[in-house]
Amino acid sequence: MTDIAAAVGTPFYVYSAATLTRHFRLFDEALDGMPHLVCFAMKSNSNLAVLKLLGDLGAGIDVVSGGEYRKARAAGVPGERIVFSGVGKTREEMRLALEGGIRQFNVESEPELDALNEVALSLGLRAPIALRVNPDVDAKTHAKIATGKSENKFGIPIATCREAYARAAKMDGIDVVGIDVHIGSQLTQLEPFEQAFTKVADLTEALREDGHDIRRLDLGGGLGIPYERSNEMPPLPVEYGDVIRRTVGHLGCEIEIEPGRLISGNAGILVSSLIYLKHGEGRDFLILDAAMNDLVRPSMYDAHHDIVPVIEPAAGAEQSTYDIVGPVCETGDTFAKGRAMPLLAEGDLVAFRSAGAYGAVMASEYNSRPLVPEVMVSGDQFAVIRPRPTFDEMINRDTIPVWL
Ligand code: LLP
């Protein structure tokens, strides 16, 4: 890590190719025996190198914007392995995916269905779709990332979706292929999945009775990861796979899942260095060169990330508690409060664990701090997969109008 830091400068993200591979395979193997496609939710990590690595392993990709669609294609993933989710797809995005090739649109509302039908007809095509149903299940996760309750903006209420399917079946630009559900992210129990998938199984049977050829079930993502070493372990992909087999396995459908965090989260860390150790009144601060603009999860969701020295301290080394903060001018720029850490010197490196998902993708240039770079390691080699922009690049992106 020290040599990467010397080459790239801090802060930076680093991802392990081996861990990404292993996590993808865990899901792939968990669905063994059922026809399936594991579609990586690229919103969790959209670096082209990560997409290429997973795409080459046979992964599909779950995209939520025209930008993500273009990136997935640029990484070499064929359209027939891309599913398009999201509540606000524009007509332009629909056209892009229909012309470029798409496995299926996960449609979230009737107005979206009308728009997609129109766009497909204008191109002389039929859009393969699943309707995203909202099963009204409590995912028992952070409120900002729960999506499967009836009060959330996502999906069509499961109780009334038969009418929506009936309408869809009459549209010449629409080909109904399945059902889609996603109830939230960072789920640490299997029970909400079980409830949602059971509802999807019942719905599959009801829709088949109505004459629809339901041949594909997209069960979304959401399986959580351990952020704190001390905490209980969330269920494993193989246990999640068993829930799928038990609830929908008998239906003979092709299964799609959209995991993001479990594939990329623990495959990445954020490396930062200590700028100052500041003694405050009643508390001491470790001021790092990473900030909320580089990793927003602690300020946005009160999320916990383990922060550890890159060079392990000697056993029995002195420890103290610190508030660990960044240099941004906001009190919210706090990564941890009262965290036990060994004594660090200025310039020492620390690693934020479990930062490979929803880390770099949510970074910004707030406080005019250039976007944090990304590195991939594989065996004993590493490659910069997104360089840090230079100050000139950052400054020259803006333009001053001639009349100023
Ligand atoms: N599919 C859909 C339709 C989704 O909305 C999401 C995540 C996923 C799949 C992937 O879920 P995962 O397997 O990664 O849990 N920024 C937040 C997480 C937002 C999740 C949004 N949707 C965070 O940092 O915790």
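Domain bounds here come from an automatic or database domain assignment. The model is predicted: local features need pLDDT of at least 70, side-chain atom pairs count only at pLDDT 80 or more, and totals for chains, interfaces and linings use all residues. Residue numbers start from 1 along each chain as its sequence is written.

**View 1. Two domains make up the assignment of the chain.** They are domain 1 (2-12 + 266-396) and domain 2 (13-265). Their C-alpha centres lie 32 Å apart.

**View 2. Domain 1 touches domain 2.** Here 29 residues of domain 1 are in contact with 25 residues of domain 2 (contact: C-beta atoms, placed from the backbone, within 7 Å). Strands E11 (268-279), E17 (374-378) and E18 (381-386) each supply at least two residues of the domain 1 side. E17 gives the most, with 5 residues. Strands (E, at least two residues) and helices (H or I, at least four) are DSSP runs, numbered from the N terminus. The domain 1 side has 18 nonpolar, 8 polar and 3 charged residues. Ala, Val, Leu, Ile, Met, Phe, Trp, Tyr, Cys and Pro count as nonpolar, Asp, Glu, Lys and Arg as charged, and the others, Gly among them, as polar.

**View 3. The ligand lies between the domains, because both give residues to its shell.** Of the 21 residues around the ligand, Ser185, Gly221, Gly260, Arg261 and Tyr358 come nearest (near: C-beta atom, placed from the backbone, within 6 Å). Helices H10 (261-264) and H11 (297-301) are the elements that give two or more residues to this shell. The shell divides into 7 nonpolar, 9 polar and 5 charged residues.

**View 4. Helix H2 meets helix H3.** Ala17, Leu20, Thr21 and Phe24 in H2 meet Val50, Leu53 and Leu54 in H3. These contact residues divide into 6 nonpolar, 1 polar and no charged.

Methods
Contact = placed C-beta atoms within 7 Å.
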